[in-house]
Amino acid sequence: PRGPPGVRAVEGPTPKRRCIKVEAAVDSEPPMLEDSPAGKGKGEAGELPADCDVWGPARAERAGTTPDAGVLVGAVAEEDVQLMPPSPPPQTQEQLEHAARAQQLTVMDECLDGCARALAVLKDGVLAHPVVDTAQLDLWRKEVAGLVANNRRPKYNIVVVGDTGSGKSTLLNALLGETNVLPTNGMRACTAAIIEMAHLRPTDAPGRYYAEVEFMTTAEWNKELDICFGDLQMQNGLIQKRRPQGDGPNTQSWHRLQAVYGQVCSTREDTIAPRKGGIQIAAALGTTKQLQGKTATEIRRKMERYVDSHNESNGQAYWPIVKRVKCRGPWAVLASGAVVVDAPGVRDDNSARDAIVQTYLKEADSIMIVANIKRAVNDKTAKEMLGQAFRRQVLMDGLYGQLVFIATQTDSLLRSEICDNLGLNTQRTTLEAALARNAFTTRRVRRDFVDGILEMQAEAGDEPQSRKQLAQRYTLPVFTCSAVEYQKLSGVRVDDGKAQVFHDIEDTGIPALCRFIHANILRRTHASVLRQVKEVDRVRTSIDSILRQMGQTEQATNLGLEGQVKAKVEHRLAAVRDTMHGTIDFIRKSCEAEYNDTVNTKVTEGVQDASESALYTCQQWSHKAPGLRGAGPSGPTHLHWATYKAVCRRDGVFKNSSRGCINWNEELTNPACAKFAVAWERFFSRTVPSQLDLFRKMVMDTFTSFCNDVAADLKGLGLPPERLQAVTAGARAAIHNKLVTRVCQAKEQVQATQKEISRLLPPTLQRLLSPTYARANDLAGSGSALRRTDLVEGYIGQNGTRDLQTSAAALKKQWGILLEQVWVQALKEAVDSVLQDMHVHFAILYHGLGRALDEKTLQRRKTALEACLPALSAIATHLQCAADVEALVPPAEGEIPKDNLSESAQALITRKRAQRRAKGLADGEGAVESGMSRDDPALRSEAEASGAQASDQDMGCGDEDEADGEEGEHSSSGDDDDEEE
């Protein structure tokens with residue numbers, strides 16, 4: 001503003017007035033505090049504007065604007081003061097990263113908008129004209145419709161799994177930048193439903209937060225009721241009304257009924273009868289409920305009764321009948337397009353929710369496994385990966401390279417205990433101890449991860465690969481995170497005091513995890529958008545080339561060559577058709593032979609192993625086989641009679657908090673799956689893509705030979721060579737791009753179908769055993785437990801081999817269907833499309849050469865061409881944004897910059913390195929525990945200490961003892977050590 005120094009403009013009490021605020025720093029006393037409506041004067045700070053109205057505190061208070069102490073507030077005419085915007089505060093690193101991501105996404109969205117405009121012009125401005133025959137127009141319209149349907153950002157599905165008490169909900173709250181939008185509890189597990197989270201833009205819904213609760217259908221809930229009442233039914237046929245002791249299946253069922261109905265009576269009818277004040281179950285089943293909230297706290301409170309398994313007996317809980325909750329909010333971490341799914345714990349016994357979780361896992365782009373850092377190493381969580389069956393299935397799904405491991409609660413530690421366990425100096429600070437444990441955990445988890453792969457290869461009977469090869473192929477991103485400390489440092493958790501361990505937000509690991517998520521999403525989005533642009537441009541270029549050539553053909557001299565040129569071109573096309581279909585047969589036979597030699601051989605061997613061990617496996621469920629269950633601290637391997645019956649009632653699958661997941665069908669098929677899992681993954685992850693790429697190359701080679709043959713055939717007919725060159729160039733570009741797209745689609749189709757097939761063995765065996773399970777469940781009375789086990793074991797002993805072979809036959813049958821109906825059919829469609837394009841492009845060579853077109857036809861085509869060609873040029877303008885997308889450098893997969901260190905970690909590294917050099921110590925002498933490297937793991941980069949993705953090369957050491965292997969590996973030169981640090 002115009003005026004003395006130290007004077008700035010602020011908002012005034014009236015719309016047409018502005019205030020001048022003189023800061024107290026100008027003088028110790030305010031220049032003037034005249035409580036007069038028209039007081040004017042000068043302050044020691046300098047001259048005020050001549051028409052300044054000086055307001056004192058009393059007048060300002062009456063006007064509703066209380067000035068700060070020690071300042072002068074004057075109302076000045078608007079034209080006398082030039083308001084200057086305040087200087088923005090410096091942006092944080094997080095804000096800068098968010099702005100960069102937003103800019104990239106804006107460019108990609110603009111590109112998709114350009115594609116949408118281009119497709120609209122193609123549909124309404126080009127293909128609306130009869131420039132070619134109807135059949136070709138229909139093909140082009142079909143292609144354009146497919147591109148319109150796919151003209152959007154791709155989804156990136158992240159499934160978060162973890163056992164009870166892993167801190168999963170707290171971690172997700174921190175990632176979302178909230179305190180408790182997801183229910184958390186420090187004393188019990190509380191998340192019962194599946195929660196899907198995605199970004200919500202302000203224009204998408206009236207509230208800032210939105211949730212959609214999806215309830216079970218009536219049939220699904222009735223199935224759950226049959227199981228619950230079956231668990232609680234006593235010998236006299238009545239229902240157990242009192243809460244059962246322990247944590248058996250009847251306890252879980254009692255809690256579900258109590259939560260929903262508020263009562264458990266002696267009969268089913270009395271229990272489910274509506275009571276006053278209770279929820280209306282029948283009205284909720286099969287419906288969805290919409291929730292909105294202006295704040296995270298408000299939406300959480302509204303969601304609690306649907307997702308919080310508090311087990312209170314008030315009859316007001318919906319969580320037992322909720323299948324899924326879709327939650328949307330203004331969460332920056334999901335703004336790039338991620339959809340995060342918080343799956344219930346592996347001990348959730350609900351068939352409807354379990355089916356949805358399995359679907360999410362099949363469609364997942366990334367699976368995040370969450371474990372408490374105290375258990376991450378001791379329990380070898382990375383090696384076990386929530387059970388053998390789970391990690392084996394992930395391997396066969398081709399998702400082993402998409403796993404992410406997150407160790408939580410890194411702020412929970414005793415400094416002296418960590419120093420003692422890791423052999424650190426007892427003078428280390430709590431921060432140094434925490435960073436050391438983070439580094440050690442990262443290295444050990446990655447090592448255990450590789451051990452798990454080696455174990456699966458050994459089970460399959462394959463020659464194990466070296467650690468280095470496996471580490472290069474299956475990189476496991478590991479993050480060590482403190483969600484609570486991050487919330488405190490970021491200011492979203494203010495009621496629990498200050499951060500106790502970490503003082504730099506980077507050390508909590510959450511910012512690195514956010515960057516990792518964004519990097520993968522942006523890479524996926526970049527590839528998808530670029531492919532869409534190229535597809536739209538391919539269609540435009542193809543149509544443009546054909547129409548321009550047609551325009552030149554109409555003006556060409558009638559040479560009377562149509563019959564000759566057409567005969568030669570169609571003769572060559574017929575030969576090409578046979579060659580390309582022969583290529584499909586070659587690829588099919590090659591893949592079939594490879595499958596039979598590798599996968600099918602292993603399936604046969606595995607079924608034999610499963611048949612031999614089936615009876616022993618079955619006996620382990622009862623008291624007849626001594627030993628311990630390998631799944632955990634569950635005591636003797638035999639099951640309590642009530643649990644045994646509960647498993648039979650659920651067709652061989654039961655989950656609870658004490659035993660975890662019991663799946664008899666998987667246990668019976670485990671030997672078979674273990675035998676062929678590695679071969680299956682190798683075939684569908686390597687052989688199938690390489691064979692499809694070979695198919696594309698062979699088709700393009702056939703097309704090249706066709707072009708050469710046509711050029712040789714037409715050489716002596718006097719056809720202008722430039723016309724043939726133009727047609728050939730246009731056809732080559734169109735066919736190459738189409739083949740790339742078709743092959744990519746075939747790969748995706750095969751991968752999606754093989755995920756279904758790879759899961760066939762357990763459910764197929766379950767259907768075969770279902771009658772036996774039902775008969776075993778129906779047994780009652782004295783001695784029924786023994787008769788039940790005899791029934792199950794007797795059936796398995798007599799018919800187990802037959803049922804396993806039948807299950808394997810079903811798998812082989814589905815493989816044949818995949819080969820013929822999905823794979824071969826996709827290749828045939830690709831060849832037919834290529835042949836159609838070749839026919840359309842090369843028909844231009846003889847179109848109109850041997851006959852004169854009537855005037856009406858010429859005029860119609862001329863009019864259509866005059867309308868289409870400018871429209872095609874406009875499409876090119878819409879697609880100019882493709883250059884902007886190609887200019888974006890997508891981050892490498894899982895890339896986290898190595899120099900992304902917190903200031904505390906940098907200072908720690910610098911200080912300790914200087915101390916080590918000053919003492920003249922050699923690298924590696926300070927490591928006592930086998931997992932330690934160099935003088936101190938705290939000296940490792942924070943990218944590794946907090947779980948970032950810096951490459952961990954020492955994971956490729958030999959098979960010797962861990963301490964020896966690491967000791968020998970780190971005997972490198974000091975310069976190399978400094979570079980790696």
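User: Which residues does Thr-753 touch, not counting residues up to four places away in sequence?

Analyst: Happy to start there, with the reminder that this is a predicted model. A contact list of this kind leaves out the sequence neighbours, and for Thr-753 what remains is Leu-818 and Val-822.

User: Where does Thr-753 lie, and what does its side chain reach?

Analyst: Thr-753 is part of helix H22, which covers residues 721-758. Its side chain reaches the backbone oxygen of Gln-749, at 2.8 Å.

User: Is Thr-753 buried or exposed, or something in between?

Analyst: Buried means under 20% relative accessible area and exposed means over 50%, with partly exposed in between. Thr-753 has a value of 24%, so it is partly exposed.

User: How would I read Arg-300 in the same way? Why does it count as buried?

Analyst: The cut-off for buried is under 20%. Arg-300 has 13% relative accessibility, and therefore it counts as buried. This residue is found in helix H9, residues 296-307. Its side chain is joined to that of Glu-304 by a polar contact of 2.3 Å. Once neighbours within four places in sequence are set aside, Arg-300 is in contact with Asn-180, Val-181 and Leu-182.

User: Now a loop residue, please. Where is the place of Asp-365?

Analyst: Asp-365 sits in the loop between helix H10 (351-363) and strand S11 (366-372). With a relative accessible area of 15%, Asp-365 is buried.

User: What polar partners does the side chain of Asp-365 have?

Analyst: Take backbone and side-chain partners in turn. A polar atom of the Asp-365 side chain lies 2.8 Å from the backbone nitrogen of Asn-157. The side chain of Arg-524 is joined to that of Asp-365 by a polar contact of 3.1 Å. Leaving aside neighbours within four places in sequence, the contacts of Asp-365 also include Lys-155, Tyr-156 and Gln-402. For sequence distance, consider Val-159: it is 206 residues from Asp-365 in sequence, yet the C-alpha to C-alpha distance is 8.2 Å.

User: How do I read the whole chain?

Analyst: Begin with the secondary structure, which comes to 30 helices and 15 strands. The protein chain has 981 residues, and 51% of them count as buried. Among contacts between residues at least 6 apart in sequence, 78% join residues at least 24 apart. Finally, the accessible surface comes to about 43,800 Å², with 50% of it belonging to carbon and sulfur atoms.

Conventions: Residues numbered from 1 in each chain as written. Predicted model: local features only at pLDDT ≥ 70, side-chain atom pairs only at ≥ 80, totals over all residues. Heavy atoms only, no water. Helix = DSSP H or I, 4+ residues; strand = E, 2+ residues; numbered from the N terminus. Buried < 20%, exposed > 50% of the residue type's maximum accessible area, 1.4 Å probe, protein only. Polar contact = N/O pair within 3.5 Å; in protein donor to acceptor, adjacent residues only side chain to side chain. Contact = heavy atoms within 4.5 Å. Areas by Shrake-Rupley, 256 points an atom, 1.4 Å probe, with all protein chains shown as cover.
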